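Please look over the notes below alongside the model.

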Protein chains: 2
Amino acid sequence: MSVAPSARFCDRLADAIDRVGAPVCVGLDPVADRLPMQFRARPGSDDEAVGLFRFCVGVIEAVRGHAAAVKPQSACFERHGASGLLVLRNVIGAARAAGLIVVLDAKRGDIGTTAEHYAAAATGVGADAVTVNGYLGPETIEPFLDAGLGVFVLVRTSNPGGDAVQSARLADGRTVAEMMADHVAALGESRRGSRGLSDVGAVVGATKAADAAALRARMADAPILVPGYGAQGGTADDVRALVRGGSRTPGERGVLVNASRSVIYAAPREAEAWDEAVRRATREMGEDLRRAVG
Amino acid sequence: MSVAPSARFCDRLADAIDRVGAPVCVGLDPVADRLPMQFRARPGSDDEAVGLFRFCVGVIEAVRGHAAAVKPQSACFERHGASGLLVLRNVIGAARAAGLIVVLDAKRGDIGTTAEHYAAAATGVGADAVTVNGYLGPETIEPFLDAGLGVFVLVRTSNPGGDAVQSARLADGRTVAEMMADHVAALGESRRGSRGLSDVGAVVGATKAADAAALRARMADAPILVPGYGAQGGTADDVRALVRGGSRTPGERGVLVNASRSVIYAAPREAEAWDEAVRRATREMGEDLRRAVG
């Protein structure tokens, strides 16, 4: 469990996956009116943010030892304003104290100094890594890396509508997503850790299995964050094409699979507390992934 | 000055531009160590956020009557955490009270319900419109519109590195930026106001003048937010190709030109207070734009 804080993100991620034996990431997408009853409050009141905090801390306690990482969805906290941002910082603190890697799902992207401000905001709340949008060009991703963060660049997102941009075919034969994957690979070249991975990861949805192998081939060293497992319909089989070949440890296989709603809202089940349901869903996800991606 | 709050964003924007006679937008990009001395505080202290607030309110007072809109850069506030977010909300409140349109420069973009949370965050701080990133597909932009916000979709950004994605040529002959412009036009079709504009705008940098005419031709009704004027080297001449043809009022010409650093950090000049320098820079920008874009 002793990891030098100066270690590269990609190495810390691989270590965390190895510790639990499966590339499980649990998405923290707390929505006030979906929380277990004991965490609900009058809509619009400050107590709503308190409920979010208590729920997220409960999820963190339930998944520790079974998940390698959590992925707080920034929007769910931002919609509660300044209180939400305080909760986000405290939730991230609790997650890191529990030994979890924290991927802040913020999908940020902006030019030059503005990207530096976003990177400072992400390190300020304690994130290990952040999801970023590369539409403004690969140079706009570098400030996050320079701040010591890992990044997961949006390449092929899990929603159906993403096709309208990401599947567009370029004159040189690549899709837009493949072009973005090539940018990921180029950025990662000088940012490799000791486990064969780089600090420049990618997002490839589990629901886009048909594109997965071609995308992995273009960015062999990228850790790939795979949303869409669970509630969005992606399965462990869909993840297989993203796993890096060769005999490696689970952490070196280069995928981190995320489930949000199917885990954190797993309750109610009969005769089971909500947090037991969360723990069970996380454990089952780990077993499912171990079977499929080894 | 009496505008029904229920009026479409595009109509309110056109009215605001008509009132000042020029499409001037001032970017609120407050950075602690660039502020006039009286607003600086010990780095990392809570007073830093207070300084940001007082500076932005001073800018708002200086530009009222000369600018149609302000564009707070979300990252500059977010890097100050929860305090920064409180400041952002109060700055936006002050801007709206001064009759300014508020375009929150947040470059958000996410799928489905997450986009709804981002839209709620933007309306929660009081924004009239928000910049959005369409890499995840046009469907991900709709929740912002459904929340009553105007949007400016990133089409062709002002930074040099944007070319690596936005200038890529598709098999059908369009660039990626032109494809995004077509999405803007399609989304705008059902969202037109009474002045010939739609609520679905675009971002096209003043530094990308060579691409401007072709992009405008693809999205005739889009209000176009033009960053890059001033400190980034764009000029009023560069904006001409984005102006909609025909005899219309300034507001109906469909451009909103932004300057940030060259205006808000215009001081020091001899024998002039910092806010006088800001006012003068804003007024000069208006005169420059009136000459060039009529």
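1. In which sense do strand β1 and strand β2 of chain A pair, and over how many bridges? Residues 24-28 (β1) and residues 69-72 (β2) of chain A pair in the parallel sense over four bridges; two strands pair if DSSP finds at least two bridges between them. Opposite A:Leu28 stands A:Pro72 in β2(A). Helices (H or I, at least four residues) and strands (E, at least two) are DSSP runs, numbered from the N terminus.

2. This is a predicted model, in which local features need pLDDT of at least 70, side-chain atom pairs count only at pLDDT 80 or more, and totals for chains, interfaces and linings use all residues. Residues are numbered from 1 along each chain as its sequence is written, while chains are lettered from A and ligands numbered from 1 in the order in which they are written.

3. In chain A, eight strands close into a barrel in the order β1-β2-β3-β4-β5-β6-β7-β8, with parallel pairing. From one strand to the next the twist averages 30°. Angles run from 0 to 180 degrees between N-to-C directions, and axes are lines fitted to C-alpha atoms, for helices over the stretch in contact.

4. In chain B, four bridges join β1 (residues 24-28) to β2(B), and the two run parallel. B:Lys71 in β2(B) is the residue opposite B:Gly27. The chain passes from β1(B) to β2(B) through helix α2 (residues 47-63) of chain B, a right-handed β-α-β crossover (with the strands pointing away from the viewer, the path from the first strand over the helix to the second runs clockwise).

5. On its other pairing, β2(B) is joined by two bridges to the parallel strand β3 (residues 101-108) of chain B. There B:Val70 has B:Val102 as its bridge partner.
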